[in-house]
Amino acid sequence: MKKIEAIIKPFKMDDVREALAEVGVAGMTVTEVKGFGRQKGHTELYRGAEYQVDFLPKMKLEIVLPTDQAELAIEAIMKTAQTGKIGDGKIFVYDVERVIRIRTGEENEEAV
């Protein structure tokens, strides 16, 4: 099994969720996060004073799925989240050793 973590722009969240549902992703965990990479943040004006915003709002998706579905999910995220501008985000892919559903005790693919 694989775990996919994707950091994307907030306004792309609904489109990405729909694209993942179309390729068979049944569930995910989504968190509002803040961060920066090459984008480095930006300057804003508030009540006449300029200040630096170092951490930009992003959405973090976490998905655990069978290995054979991972590539379809990655392609769906890339195609949907891409704007072509700096700050589109990143996708991280990890191997998952074991998954256990707490309620039933089911393991691995049955637990996802």
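In this predicted model, the side chain of D88 reaches the backbone nitrogen of G84 at 2.9 Å. A second polar contact (a pair of N or O atoms within 3.5 Å; within protein, one must be able to donate a hydrogen and the other to accept it, and residues adjacent in sequence count only if both atoms are side-chain atoms) joins the side chain of D88 to that of T83, at 2.4 Å. D88 is found in the loop between α2 and β6 (89-95); helices (H or I, at least four residues) and strands (E, at least two) are DSSP runs, numbered from the N terminus. D88 has a relative accessible area of 16% and is therefore buried, the classes being buried under 20% relative accessible area, exposed over 50% and partly exposed in between (1.4 Å probe, protein chains only). Apart from neighbours within four places in sequence, D88 is in contact (heavy atoms within 4.5 Å) with I7, I8, K9, A81, Q82 and T83.

Residues are numbered from 1 along each chain as its sequence is written. As the model is predicted, local features need pLDDT of at least 70 and side-chain atom pairs count only at pLDDT 80 or more, while totals for chains, interfaces and linings use all residues; side-chain values use heavy atoms, with hydrogens and water left out.

K3 lies in strand β1 and, at 23% relative accessibility, is partly exposed. The side chain of K3 makes polar contacts with the side chains of E5 (3.3 Å) and E62 (3.0 Å). K3 and V93 are separated by 90 residues in sequence, yet their C-alpha atoms are 5.7 Å apart.

Beyond four places in sequence, the contacts of I63 include I4, L20 and I77.

Helices α1 and α2 pack at an angle of about 150°, with their axes 9 Å apart; axes are lines fitted to C-alpha atoms over the stretch in contact, and angles run from 0 to 180 degrees between N-to-C directions. The two helices are therefore roughly antiparallel, a class that covers angles over 145 degrees. D15, V16, A19 and L20 of α1 meet A73, A76, I77, T80 and A81 of α2.

Technical notes: Angles under 35 degrees count as roughly parallel, over 145 as roughly antiparallel, 65 to 115 as roughly perpendicular and the rest as oblique.
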